Amino acid sequence: MEKLAVKGGRPIREDKIYYGRQWIDDDDVSAVSSVLTSSYLTCGPKVNALERTLELYTTARHAVVVSNGTAALHCACAAAGIKPGDEVITTPLTFAASANCILYCGGTPVFGDINPETYNIDPGNIEKHITDKTKAVIAVDFTGQSVKIKEIKEICDKYNLIFIEDAAHAIGTKYNGRPIGCLADMTCFSFHPVKTITAGEGGAITTNNDSLYQKLVLAHTHGITHDEDLMEEAPHEGDWYYEQVNLGFNYRMTDFQAALLLSQLKKLEKFKVRRQEIVKRYNEAFKEIPEIIVQKEIVESDTCRHLYIIRLDLNKLSCTRREFYDAMSAENIQCQVHYIPVYWFPYYQHLGYKKGICPKAEEVYKSIMSIPLYPRMTDQDVEDVIHAVKKVAENYRV
Ligand SMILES: *Cc1c(COP(=O)(O)O)cnc(C)c1O
């Protein structure tokens, strides 16, 4: 058996690889630099072009581009009219922003447990938590795999709830052949560098609903409008005139970021194909390692995978998750854990959330880690990761 690097053996790689990484080429660089020398650094033609391109790509009626994915979620909650006293159901196995956006509006996050095989929120656990205060559901396409959209929509229709999809991981994914972005009442995307395509920082909300669209537009730019139809007074003062009609935010994206994302969008299909190739190779390889459990895919989802998660069968290993993770790191494969259940954070504990409320998510959290997955990985990188997982699993096999 090969000696683990963590115990003084030779690491599988000389250079470290990380769980995620952007891919920026010369064409992305020139797209950005041409905007930097143009007239508009922000509120210019690139943001507009990006919104129209996202509408085409997702087939949604409207897209609003914002400064990051968290801003997208905040605008969606604001447009949904979330206010103090309202409850919104979401998953604990997500980045904190999926729940923080509810708190920003004064609402109360209610955590519904996950399916322990797909790691996405279980529609049955959404329905279980509905009360007369429930206003919306924020379902997260965790790792890029679509949630059970049909089932969630049926629940939302039945109880008159707004369905917000946190698709920060899921640009490029299709559900029953239709792009993520055209199915929920509002779909939120993130374009942070670890996500599938990037604007540096960036986000977007798509919707088919005209009235939600108007609210999203107002929310992302101070609640200010130049549209007479939306004004209360509209006294025809002159061209300069505008009104602030509610309390919005400045969540605009710059034009050079929009140019970067437009350039990245052209490569989304290529990135998706490569991500899928790597996922397929990992799935094959890990089938042969009894200590590794792979994420289950639902047939409805044609997934553009953002994260590849391995789950350790800790009954078959003599190590802890921490020891496995540290051993991978010593082999120069830098993993990450997605995610600590949101309500475990001190901030949520101080709000009164108790550990134990979503036992399946907590159980899954204790045994998972994300291994490297990004389109620029070479075949050799992929084989190194597989080799490391095998090596560590063998060393700790009971
Ligand atoms: C990244 C992420 C966000 C937030 O996106 P930012 O662009 O970083 O603000 C929200 N939800 C999930 C699930 C994410 O992974």
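Hello everyone. Before we start, please keep in mind that this is a predicted model: local features need pLDDT of at least 70, side-chain atom pairs count only at pLDDT 80 or more, and totals for chains, interfaces and linings use all residues. Residues are numbered from 1 along each chain as its sequence is written, and side-chain values use heavy atoms, with hydrogens and water left out.

Let's begin with the domains. Domain 1 covers 5-20 + 268-395, and domain 2 covers 26-265; these bounds come from an automatic or database domain assignment. Taken over C-alpha atoms, the two centres are 28 Å apart. Domain 1 brings 40 residues to the contact and domain 2 brings 40 residues, where contact means heavy atoms within 4.5 Å.

How much area is buried between domain 1 and domain 2? About 3,600 Å², with carbon and sulfur atoms giving 61% of that. Buried area here is the accessible area (1.4 Å probe) that two parts lose on being put together, summed over both. On the domain 1 side, Leu-268, Glu-300 and Tyr-339 lose the most area to domain 2, together 21% of what that side buries.

Now the polar side of this interface. There are 22 residue pairs in polar contact between the domains, both residues at pLDDT 80 or more. A polar contact is a pair of N or O atoms within 3.5 Å; within protein, one must be able to donate a hydrogen and the other to accept it, and residues adjacent in sequence count only if both atoms are side-chain atoms. The rule also finds 2 salt bridges across the interface, a salt bridge being a side-chain nitrogen of Lys or Arg within 4 Å of a carboxyl oxygen of Asp or Glu. Glu-300 forms a salt bridge with Lys-148, and their closest N and O atoms are 3.2 Å apart.

Salt bridges bring me to my next stop. The count by this rule comes to 25. Take Asp-86 and Lys-135, whose closest N and O atoms are 2.8 Å apart. Asp-86 lies in the loop between helix 3 (69-79) and strand 2 (87-90), and Lys-135 in strand 4 (residues 134-140), so this pair ties together parts 49 residues apart in sequence. Helices (H or I, at least four residues) and strands (E, at least two) are DSSP runs, numbered from the N terminus.

Is Asp-86 buried or exposed? Asp-86 counts as buried, at 3% relative accessibility, while Lys-135 is partly exposed at 34%. For those words, buried means under 20% relative accessible area, exposed over 50%, and partly exposed in between (1.4 Å probe, protein chains only).

In helix 2 (residues 45-58), Glu-55 and Arg-52 are 3 residues apart, about one turn of the helix, and their side chains meet at 2.9 Å, N to O. Glu-55 is buried at 13%, and Arg-52 is partly exposed at 31%. Arg-322 and Asp-326 also form a salt bridge, at 2.8 Å, and they are 4 residues apart in helix 10. There is a network too, linking Arg-13, Asp-15, Asp-381 and Asp-384.

Gln-334 counts as buried at 16% relative accessibility, and a polar contact of 3.3 Å joins its side chain to that of Lys-16.
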